[in-house]
Amino acid sequence: MVVKPESEGKTPAGAVELKAAVFTLPVIHLFDTDMDGVAEQLGTKMDQAPEFFRNTPVVVDLSALPPRAGDIQFPLLVGLLRGYGMIPVGVRGGNASQNQAAEVMELAIMGEAAISNPGQATAEPVPKPAAQAAEQAPGTIKPSSGKTSKLVTQPVRSGQRVYATGGDLSVVGPVSSGAELLADGNIHVYGPLRGRAMAGMSGDAEARIFCQALEAELVSVAGRYRVSERIPDVLKGIPVQIFLDQEILRIEKL
């Protein structure tokens, strides 16, 4: 007689489970329906951070378009975004005609609560991002509800994302390349910062980033960002602070 463990031979209750969740998605704000102009400006901005949005789902925000803006050539727009490696998944705002055209391209019509803004496909200065959602995608390390700060005492490894909603984030240890730090307030890294750090996620222009050794792939405060290639060598590998000065991102030695 063979005795099987209790778990063996049992089948799951169902093949799928449907749950509500909120993911952090980049938002591209569209200010004109001229696709030639959009292509030219988007190409310039993508050259500044070619890997930042690669294979990333994005939402197109139409709310800043003029009330009488014409139709949007969604086939061209979707093709343009996909050409830069992005995956357009939906639109926000816009009129009924624009929304209908978006649905033809199988884009979701998304409300304000459905998305949040970790970064924007624009050069500095850029419009301030919207308030961030508290829930994160799988693999995200989240602070406990009710706390206004987050303390991480272990290294943050590649592929991990740490988000401090409503306050500051402090990391006692190194941050690996490919890791992401996000905070509505300030970010403090007591070790080398090699991944991405984005402070002021809720639009706080007073937020700052502090680190003991700047080796970051990307740094951002309230949506204004700078990639590694645009950080002077003299500021790399040393303690710095990163902040906004009249909507310009500054990096200074500590």
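Q: What should I know about the model first?
A: It is a predicted model: local features need pLDDT of at least 70, side-chain atom pairs count only at pLDDT 80 or more, and totals for chains, interfaces and linings use all residues. Residues are numbered from 1 along each chain as its sequence is written, and side-chain values use heavy atoms, with hydrogens and water left out.

Q: How many helices and strands does the chain have?
A: It has 3 helices and 16 strands. These are DSSP runs numbered from the N terminus: helices are H or I with at least four residues, strands are E with at least two.

Q: What percentage of the residues is buried?
A: Of the 254 residues in the chain, 45% are buried. Buried means under 20% relative accessible area, exposed means over 50%, and partly exposed is in between (1.4 Å probe, protein chains only).

Q: Which residues touch the most other members in the largest nonpolar core?
A: L169, L181, I187, L193, I209, L214 and I242 do, in a core of 30 residues. Such a core is a set of buried Ala, Val, Leu, Ile, Met, Phe, Trp, Tyr and Cys residues joined through side-chain atoms within 4.5 Å. Apart from it lies another core of 22 residues, including L65, A69, L77 and A102.

Q: What does L169 touch?
A: Leaving out residues up to four places away in sequence, its contacts include V152, V162, L181 and I187. Contact means heavy atoms within 4.5 Å.

Q: New topic: helix α3. Which of its residues are buried?
A: Q98, N99 and A102 are buried in α3, which spans residues 96-104. They sit on the same side of α3 because they cover an arc of only 100° around the axis. That arc is taken from the directions from the helix axis to the C-beta atoms.

Q: Which residues are on the face turned away?
A: The exposed residues A96, Q100, E103 and V104 are there.

Q: And what covers the buried residues of α3?
A: The cover includes α2 (74-83), β3 (87-92) and β4 (108-110).

Q: What happens at the start of α3?
A: A side-chain oxygen of N95 reaches to within 3.2 Å of the backbone nitrogen of S97. Just after α3, E106 takes a positive phi of about 65°.

Q: How many salt bridges are there in the whole structure?
A: A search finds 8. A salt bridge is a side-chain nitrogen of Lys or Arg within 4 Å of a carboxyl oxygen of Asp or Glu.

Q: Which residue does E180 pair with?
A: E180 forms a salt bridge with R196, and their closest N and O atoms are 3.4 Å apart. The pair links distant parts of the chain, with E180 in strand β9 (residues 180-183) and R196 in strand β11 (residues 196-199), 16 residues apart.

Q: Is E180 buried or exposed?
A: E180 is buried, at 13% relative accessible area. R196 counts as buried too, at 16%.

Q: What about D233: buried or exposed?
A: D233 is exposed, with a relative accessible area of 63%. It forms a salt bridge with K236, the closest N and O atoms being 3.8 Å apart. K236 counts as partly exposed, at 31%.

Notes
A polar contact is a pair of N or O atoms within 3.5 Å; within protein, one must be able to donate a hydrogen and the other to accept it, and residues adjacent in sequence count only if both atoms are side-chain atoms.
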